[in-house]
Amino acid sequence: RYELVELIDLAQRLNPETRVAWESAIQAAIGIGLVQSEYYPVVTLAAIGGYQTEAFPAPPNVAPSGYFRANLETFVPTLTLQWLLLDFGRRSAAMDAAKQNLLAANLGFNRKHQEIIFRVQHAFLALTSVRAKIAVAESSVNSARAVRESAEAQLRNGLATLPEVSLARQQEAQAAFDVEDVRATERDAEVALAESVGILPTTPLQITEFSALPPPAALEDSVDKVIDQALARRPDLIAKVAALRGKDAAVRSARAAYYPTLSLSSNFNTVAGWVEVTGGIAPTGWFSATEPSYGVGLSFEWNLFEG
C-alpha cells in the first residue's frame with residue numbers, strides 16, 4: 001500500500017512530463033555551449049580536385065588554330081581559419097539570452113514537479129474522499145435496512161401502518177442507489193490517480209487511506225506571510241522574469257547587429273596537379289609547380305544599407 005509521499009516519489013520518477021521538462025533543460029544547457037563556441041575560431045579543411053579543359057582565343061600569328069587550350073588535372077587542398085574578433089556585443093547578448101533561457105528551463109523543470117505533486121495530492125485526496133463517502137453510504141444502507149426491518153416487524157404486530165413500511169422501503173432503496181452512485185465515481189478517481197502518477201489506468205494500485213495518515217501540522221503563519229512565501233517559491237513566476245531578461249538580451253543582440261564586425265582570416269593551400277597548354281606552335285607538355293600559397297589579414301564588414 002502506497003502512502004501519499006510514496007505516490008509522489010513514484011510520479012516524479014515515472015511521469016513522462018518530468019522527462020520532457022528535463023530534456024528541455026538539457027537543450028537549454030546545450031544552447032549555452034553553442035554560444036560559447038562562437039568565441040572560438042573556425043578552422044576549415046576543404047579540397048577540390050578533378051579535370052578541366054579550357055579554350056582561350058588567340059591571334060593566328062600566335063596560335064595557328066586561333067585558340068589556346070589548357071588542360072588541367074588539379075587537386076587543391078585548402079586550410080582556412082576564421083576568427084571573429086569584434087562584434088560590439090552580439091555574442092555577449094546571445095550568451096545572456098541563453099543563460100536566461102537555461103534558468104527558465106530549470107525553473108520550468110521545478111514547476112513541472114510541483115504541478116505533478118499537486119495533481120497526485122489532489123487525486124489521492126479525491127479518491128480517499130470518495131471511499132469515505134462510500135463508507136458513509138454503506139452505513140446509511142445498514143441504518144435504512146434496520147429501519148425497514150423494524151417497520152415490517154411492527155406491521156406484523158399491528159403497531160405500524162403500511163405507508164410507514166413503504167416509506168422505510170423507499171429510504172432503503174434510495175440509500176442503496178446512493179451507494180452505487182458513489183461507487184461509480186470511485187473508478188474515475190482511481191483512473192485520475194493513475195494518470196497523475198504516470199502509470200497505466202489498468203494498473204492495480206493500493207493506497208493507504210487518508211484517515212490512517214498523521215494529521216498535518218497546524219498553519220500558524222499569517223495569510224500575508226504564506227502569500228510572500230508562495231511568490232518566492234513559485235518557479236513559474238521567477239521563470240517569467242528570466243524570460244523577460246532573455247528578451248532584453250535579444251534586443252541588445254539585434255541592436256548590435258547594426259554595428260560592423262572585425263574578423264581575422266588566414267588560409268594555406270597548394271595546387272597539386274599538372275597543366276598542359278596546346279594550340280600554339282608546339283604543345284607545352286605537362287608541367288606543375290606544387291608550391292604552398294598562404295595569406296593572413298583582417299576582414300572588416302559593415303552593412304550600410306539593406307532595405
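In this predicted model, Leu4, Leu7, Ile8, Ala11 and Gln12 of helix α1 touch His113, Ile116, Ile117, Val120, Gln121 and Phe124 of helix α3. That contact is made up of eight nonpolar residues, three polar ones and no charged ones.

**How α1 sits on α3**

- Helix α1 covers residues 4-14 and helix α3 covers residues 90-156; their axes come within 10 Å and cross at roughly 135°.
- That angle makes α1 oblique to α3.
- As for the hand of it, α1 passes α3 in a right-handed crossing.

**The buried side of α1**

- If you're colouring by burial, Leu4, Leu7, Ile8, Leu10 and Ala11 are the buried ones in α1.
- Look down the axis of α1 and those buried residues fall within an arc of 160°, so they line one face of the helix.
- What do the buried residues of α1 pack against? They pack against α3 and also α4, which spans 162-197.

**Ile8, up close**

- Isoleucine 8 belongs to helix α1, and its relative accessible area is 13%, under the 20% cut-off, so it counts as buried.
- Setting aside neighbours within four places in sequence, isoleucine 8 is in contact with Ile117, Val120 and Gln121.
- Isoleucine 8 and phenylalanine 124 are 116 residues apart in sequence, yet their C-alpha atoms are 9.9 Å apart in space.

- Histidine 113 is part of helix α3. Is histidine 113 buried or exposed? Its relative accessibility is 15%, so it counts as buried.
- Leave out the neighbours within four places in sequence, and histidine 113 is in contact with Gln12 and Thr18.
- Phenylalanine 109 is in helix α3 too, and it touches Thr18, Ala21 and Trp22, not counting residues up to four places away in sequence.
- Thr18 therefore turns up on both lists, touching histidine 113 as well as phenylalanine 109.
- Phenylalanine 109 and arginine 19 are 90 residues apart in sequence, but C-alpha to C-alpha they are 9.0 Å apart.

**How α1 sits on α4**

- The axes of α1 and α4 come within 8 Å and cross at roughly 55°, which makes α1 oblique to α4.
- On the α1 side, Leu7, Leu10, Ala11 and Leu14 meet Leu193, Ser196 and Val197 of α4.
- Sort that contact by residue type and you get six nonpolar, one polar and no charged.

**How α3 sits on α4**

- Helices α3 and α4 pack at an angle of about 165°, with axes 8 Å apart, and that makes α3 roughly antiparallel to α4.
- The crossing of α3 and α4 is left-handed.
- The contacts of α1 with α3 and of α1 with α4 have no charged residues.

- Phenylalanine 88 lies in the loop between β2 (67-86) and α3.
- Its relative accessible area is 43%, so phenylalanine 88 is partly exposed.
- Phi of phenylalanine 88 is near 55°, a positive value in a residue other than glycine.
- For context, most residues other than glycine have a negative phi.

Definitions and conventions
Residues are numbered from 1 along each chain as its sequence is written. This is a predicted model: local features need pLDDT of at least 70, side-chain atom pairs count only at pLDDT 80 or more; totals for chains, interfaces and linings use all residues. Side-chain values use heavy atoms; hydrogens and water are left out. Axes are lines fitted to C-alpha atoms, for helices over the stretch in contact, and angles run from 0 to 180 degrees between N-to-C directions. Helices (H or I, at least four residues) and strands (E, at least two) are DSSP runs, numbered from the N terminus. Angles under 35 degrees count as roughly parallel, over 145 as roughly antiparallel, 65 to 115 as roughly perpendicular and the rest as oblique. A crossing is left-handed if the near helix is turned anticlockwise from the far one by less than a right angle, and right-handed if clockwise. Contact means heavy atoms within 4.5 Å. Ala, Val, Leu, Ile, Met, Phe, Trp, Tyr, Cys and Pro count as nonpolar, Asp, Glu, Lys and Arg as charged, and the others, Gly among them, as polar. Buried means under 20% relative accessible area, exposed over 50%, partly exposed in between (1.4 Å probe, protein chains only). The arc is that of the directions from the helix axis to the C-beta atoms.
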